[in-house]
Amino acid sequence: MGDPIDVRLDALSSGAPLRPEARRHTAVAPRNGRTFYLETFGCQMNFHDSEKVAGVLLSRGYQQVDSPDEADLVLYNTCSIREKAAQKVFSRLGHWRGGNAQRIIGVLGCVGQQEGEAIFERAPWVSLVCGSASYRKLPQLLAELEAGHRRVTGLDTDTEETFETEFTRRDHPFRAYLTIIEGCDKSCAYCVVPFTRGPERSRASDSILAEVRGLVELGYSEVQLLGQNVNAYRDPSPKRLSFAELLAAVAQVAGIRRVRFTTSHPRDFHPEIVQAIDAHPALCDHVHLPVQSGSTRVLSLMRREYTRDQYLERVACVRSAHRPISLTTDIIVGFPGETAQDFEETLTLLDEVQYDGAFSFKFSPRPNTAALALPETVPEEEKGRRLTVLQERQRTIQQRRNEALIGQTFEVLVDGRSRLEQWVGRTSSNRVVNFTTRRENLLGEYVQVRITRAGPHSLVGEQVIPS
Ligand code: SAM
Ligand code: SF4
């Protein structure tokens, strides 16, 4: 999954009101006088988990506040994918050192799962530690806290259940996130996710489709299906829909205009997905396909289960679609054993694939991962140098690819205003477009925009107003 996260709250920060309907389902229970503050770190799945956690709290009568100092319950939904992300959480917890008996502090998500009860030793003022695989137990854990229990935990990963809530407090006014598969059964050598999020559990297709229909009723026309490895989706219901069939079914829900999905693992990326995109215009022109390295040798050390050539076959399949599909990726530099030659192969892969975007990271050794046993061979400084070289190469590619779009017209879903008094939105290919228009009140609308300028990370244009 693209990381750092791609949750754009421009519309919210620009003062755009939540849809009345979205407000309506935040007022689901009479207030109980208690308040909560929830801060989220990490990927889109964490942000969406937080939307569901907030839904659980609101349905118990809690009220959400903007500052931790005003809250009776302070929750951190945490990320441990890289060491820096995990450290941030402990610096937040440090703020509450000494504690306040009236305020409950909780650690949710990946750091909660990874550190478990050790958090109580490091920060004795914490009362709740809960990993994402135990979120279905949250109402019970909250009831225990409300009854005065001092320390409660949900750290079970041995589960076949998914976290489904009756109420979800959606933070993005125009794009709704839905988890279709939780956990991960892969064992990439660098990654904590299988440990922190547990085994793969797919949601029944009927439940997913019912949620999508509900979202249309709330006014959403764009949905994003989430999973660490969405294309490993296995419908547990008798319908047994494949991932491509599920995509087609979601795309055909009346009122849905855009369907996104992330993240796809190259190993499980089959031509049926591209065929579904070809057959259903509502499936967006974008595939996020993390490669991690361009060297087959490093891919094997990483236990990615594909070679460079097999990855390039998937890319060729995406490129064979009837419409241009934007391709983005994730890359790790400085994995243990990565030589200068291996890194060069990652650079040539960028040239060969011509990605429209790439999230790139320095390898960060993580607890409970196989890579921890490998001697680190790339010094920190060299990791930094490789990252800079890679980002510069990719920036040049993006600049060129975006310039090629000048003069073309794209449909943009408007989700905010930019600082320059322009409107901002995204194309189906997930490109950010800033544009001018003489019209007003465009939030949430689909408009046609002609591109006039291009940068490496966004486009600039003018709205085409039909005469
Ligand atoms: N499930 C997705 C996949 O298979 O590509 C990735 C999920 S992970 C949350 C997002 C990205 O973080 C990964 O694609 C990888 O590039 C990066 N990442 C994961 N573990 C890392 C580590 N130990 N050091 C640096 N980057 C890491
Ligand atoms: Fe981590 Fe690999 Fe699973 Fe992605 S597929 S979540 S990188 S173990």
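**Overall look**

I started by counting elements: the protein chain has 15 helices and 19 strands. I'm keeping in mind that this is a predicted model.

Next I checked the overall dimensions. The C-alpha trace spans about 60 × 60 × 50 Å along its principal axes. I compared the radius of gyration with the globule rule: for 467 residues a compact globule would come out near 23 Å, and the chain has 22 Å, so the two agree. I then looked up burial, and 57% of the 467 residues count as buried. For contacts with a separation of 6 or more, I found that 75% are between residues 24 or more positions apart.

**H13 against H14**

The crossing is right-handed.

I listed who meets whom. From H13 I have Arg308, Tyr311, Leu312, Val315 and Arg319; facing them in H14 are Glu345, Thr348, Leu349, Glu352 and Val353. By class, that contact holds 5 nonpolar, 1 polar and 4 charged residues. The spacing made me recall the helix rule: with 3.6 residues a turn, residues three or four places apart point the same way.

**H14 against H15**

H14 also packs on helix H15 (residues 380-403), at an angle of about 15° and with the axes 10 Å apart. That makes H14 roughly parallel to H15 as well. I noted a right-handed crossing for this pair.

On the H14 side I found Ala340, Phe343, Thr346, Leu347, Leu350 and Asp351, and they meet Arg386, Val389, Leu390, Arg393, Gln394 and Ile397 of H15. I sorted this contact into 7 nonpolar, 2 polar and 3 charged residues.

**Cysteine 317**

Back to H13, where cysteine 317 is found. Is cysteine 317 buried or exposed? Its relative accessibility is 17%, and the cut-off for buried is under 20%, so cysteine 317 counts as buried. Leaving aside neighbours within four places in sequence, I see contacts with Pro271 and Val274. I also took a distance to valine 129: the pair is 188 residues apart in sequence and 44 Å apart in space, C-alpha to C-alpha.

**H10**

I looked at how covered helix H10 (residues 243-251) is, and 7 of its 9 residues are buried. I wrote them down as Phe243, Ala244, Leu246, Leu247, Ala248, Val250 and Ala251. What covers them includes helix H9 (205-217), strand E10 (222-226), E11 and H11.

**The loop from E11 to H11**

Where is the cis peptide bond that involves threonine 263? It joins threonine 262 and threonine 263, with omega about 10°. Threonine 263 lies in the loop between E11 and H11.

Serine 264 sits in this loop too, between strand E11 (258-262) and helix H11 (271-279). I get a relative accessible area of 1% for serine 264, which means buried. Beyond residues up to four places away in sequence, serine 264 touches Val230, Asn231, Phe269, His288, Leu289 and Pro290.

**Positive phi**

I went looking for positive phi in residues other than glycine. Glutamate 305 is one of them, with phi about 70°. Glutamate 305 lies in the loop between helix H12 (296-302) and H13, and its relative accessible area of 38% makes it partly exposed.

Asparagine 368 also has a positive phi, near 60°. I found asparagine 368 in the loop between strand E14 (357-362) and H15. At 47% relative accessible area, asparagine 368 is partly exposed.

**Glycine 461**

My last stop was strand E19 (residues 459-463), where glycine 461 is found. With 3% relative accessibility, glycine 461 counts as buried. What does glycine 461 touch, not counting residues up to four places away in sequence? I noted Val433, Asn434, Phe435, Thr436, Val449, Arg450, Ile451 and Thr452. Glutamine 448 is 13 residues from glycine 461 in sequence, and the C-alpha to C-alpha distance is 9.7 Å.

Note on methods:
Residues are numbered from 1 along each chain as its sequence is written. Chains are lettered from A and ligands numbered from 1 in the order in which they are written. This is a predicted model: local features need pLDDT of at least 70, side-chain atom pairs count only at pLDDT 80 or more; totals for chains, interfaces and linings use all residues. Side-chain values use heavy atoms; hydrogens and water are left out. A crossing is left-handed if the near helix is turned anticlockwise from the far one by less than a right angle, and right-handed if clockwise. Helices (H or I, at least four residues) and strands (E, at least two) are DSSP runs, numbered from the N terminus. Contact means heavy atoms within 4.5 Å. Ala, Val, Leu, Ile, Met, Phe, Trp, Tyr, Cys and Pro count as nonpolar, Asp, Glu, Lys and Arg as charged, and the others, Gly among them, as polar. The radius of gyration is taken over C-alpha atoms; the globule rule is 2.2 Å times the number of residues to the power 0.38. Buried means under 20% relative accessible area, exposed over 50%, partly exposed in between (1.4 Å probe, protein chains only). Axes are lines fitted to C-alpha atoms, for helices over the stretch in contact, and angles run from 0 to 180 degrees between N-to-C directions. Angles under 35 degrees count as roughly parallel, over 145 as roughly antiparallel, 65 to 115 as roughly perpendicular and the rest as oblique.
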